[in-house]
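Hi there,

Here's the structure I said I'd pass on.

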Amino acid sequence: MTELKSTVAPYDGQSVCLFCASSDGNDPAYLESGRAFGQQTAQVGWRLVYGGGGVGLMGASARAAHAEGGRVVGIMPRFLRSRERLFDDVETVIVESMHQRKQMMYDESDVFVVAPGGVGTLEEVIELLSWKRLDLHAKPVIFLNILGFWDSLFTLLEETVKAGMTPASFLEAYTVATSVEEAIEMMQKSESTPHVRHDPR
């Protein structure tokens, strides 16, 4: 069991933050995509930063990356420790709030991949895209659109552009991969960007 702590160990390599469900979903393809993403992230030598849970797509990805010998860091709010069940075989950081969790995940990552998930995942990526819209960061955001999971969100974002609520350039704030292999390729091709700290409070 890894000792829990409140800060992340120094790391000089490339890191990808995975936002995804703490549930399995009702199609085996979702869970398999999480497992495959974790495995392939480790194979290309990137560190996986994730929400710290040991269940759902979150847990599948972390376990696969760890099993493949990859570096993994989980970031978990204290109040969620019992609900999302820690995967404590990897480096795990305990924070006091959801805001701290998102901030630390952002600060520790060079690229973001958004796999299928629920309202929590949606909240995370909308804030991330909002920060990008405000030029608070330039880090790549890649949707892992397994089985067209995020198609409805893309339609909604396009509707905000058509309605004149969002500039058309916003649609360039993210890219879309339809397979784990494509997401990994996009991740590797992305340029490393400086870690710009942002505090929306």
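This is a predicted model: local features need pLDDT of at least 70, side-chain atom pairs count only at pLDDT 80 or more; totals for chains, interfaces and linings use all residues.

Residues are numbered from 1 along each chain as its sequence is written, and side-chain values use heavy atoms, leaving out hydrogens and water.

Start with helix 1 (residues 28–43) and helix 7 (residues 180–189), which pack at about 35° with their axes 10 Å apart. Helices here are DSSP runs of H or I with at least four residues, strands are E runs of at least two, and both are numbered from the N terminus. Axes are lines fitted to C-alpha atoms, for helices over the stretch in contact, and angles run from 0 to 180 degrees between N-to-C directions.

Who touches whom? On the helix 1 side you'll find Ser33, Ala36, Phe37, Gln40 and Thr41, and they meet Val180, Glu181, Ile184 and Met187 of helix 7 (contact means heavy atoms within 4.5 Å). That makes five nonpolar residues, three polar and one charged (Ala, Val, Leu, Ile, Met, Phe, Trp, Tyr, Cys and Pro are nonpolar, Asp, Glu, Lys and Arg charged, and the others, Gly among them, polar).

Now the loops. Asp135 sits between helix 5 (119–133) and strand 6 (141–144), and its phi is near 60°, a positive value in a residue other than glycine. Leu147, in the loop between strand 6 and helix 6 (151–162), also has a positive phi, near 55°.

Cheers
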